[in-house]
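Keep the picture in view as you read.

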Amino acid sequence: MRLSRARTNAILEGEDPVWGRTVAFALQGAIVLSATSIAIETLPGLPIWLIDVLFWLEILFVVLFASEYLLRLWSAPSRRGYALSFWGIIDLLAVLPSILLLTGGFLSLRALRLLRLLRLFKLLRYSQALERIGRAFHRVAPEMAVYGLVSLILLYLAAVGIYVLEHKAQPETFGSIPESFYWAVATLTTVGYGDIYPVTAGGRAFTILVLIVGLGIIAVPTGLVATALSDETVAGNDRPNRDATGPDRE
């Protein structure tokens with residue numbers, strides 16, 4: 001039986017009532033197995049038989065994911081739109097590094113080998129929770145933009161403040177405002193690596209102030225996103241009820 005483009009697309013998206021879930025689970029299992037084999041490849045002293053198994057497994061993954069990409073490209077409502085979309089690029093990168101590696105001329109490129117781990121992003125394709133997170137971020141995008149601008153201003157002010165207070169005591173560490181940005185980022189984000197720290201009383205007092213402000217900065221986006229996620233969860237629970245009962249009636 002020949003499948004139509006729409007049916008093929010529904011199967012690959014996990015929306016087909018017959019084959020959707022099976023294909024989705026199979027692809028997810030292949031992605032996990034692929035990531036596991038990539039990790040095993042880095043172990044030293046592997047026996048020859050295991051190296052051969054991993055090699056043929058990689059060929060199998062290349063064939064599988066390349067077939068998936070070509071089928072998605074063929075069945076997409078807009079082939080150009082899919083090819084240039086985020087998921088289209090991820091699907092292409094899931095096979096392109098392996099194809100280049102198997103040609104033999106790129107075996108020494110460690111970064112190219114690690115690019116195969118981008119396949120893990122494909123696990124997120126079928127996640128409804130990820131869709132809710134995306135909608136939540138879209139909902140609070142204006143507030144997050146303002147928050148980002150305020151954070152940059154505070155980061156700059158923190159770098160200027162610590163430079164003024166610590167420059168004379170530690171000219172090699174806080175020699176300029178740009179050099180002070182590293183301390184400002186580590187302190188304002190409350191990471192505090194401890195490799196750069198103030199030694200003057202004023203610098204230490206200023207550090208305490210920046211740490212307190214940093215705690216508030218971390219709380220702001222967390223609260224915004226948490227509220228938006230809560231709203232999306234409630235809206236998602238309401239959608240099935242609305243679909244079942246039809247439009248609201250007065």
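After α1 comes G14, and its phi is positive, near 75 degrees.

A word on what you are looking at: this is a predicted model, in which local features need pLDDT of at least 70 and side-chain atom pairs count only at pLDDT 80 or more, while totals for chains, interfaces and linings use all residues. Residues are numbered from 1 along each chain as its sequence is written, and side-chain values use heavy atoms, with hydrogens and water left out.

Now step on to helix α2 (residues 20-41), where you will find S37. S37 is buried, with a relative accessible area of 3%. Leaving aside residues up to four places away in sequence, S37 touches L54 and F61; a contact means heavy atoms within 4.5 Å.

Next, look at helix α5 (residues 86-93), whose buried residues are G88, I90 and D91. Seen down the axis of α5, these buried residues fall within an arc of 160 degrees, so they line one face of the helix. The arc is taken from the directions from the helix axis to the C-beta atoms. The buried residues of α5 pack against α3 (48-75) and α4 (79-83).

How do α3 and α5 meet? Their axes come within 9 Å and cross at roughly 150 degrees, which makes α3 roughly antiparallel to α5. Axes are lines fitted to C-alpha atoms, for helices over the stretch in contact, and angles run from 0 to 180 degrees between N-to-C directions. Angles under 35 degrees count as roughly parallel, over 145 as roughly antiparallel, 65 to 115 as roughly perpendicular and the rest as oblique. The contact is made by E68, Y69 and R72 of α3 together with G88, D91 and L92 of α5.

Finally, step back to the whole chain. The protein chain has eleven helices and zero strands. Of its 250 residues, 28% count as buried.

Note on methods: Buried < 20%, exposed > 50% of the residue type's maximum accessible area, 1.4 Å probe, protein only. Helix = DSSP H or I, 4+ residues; strand = E, 2+ residues; numbered from the N terminus.
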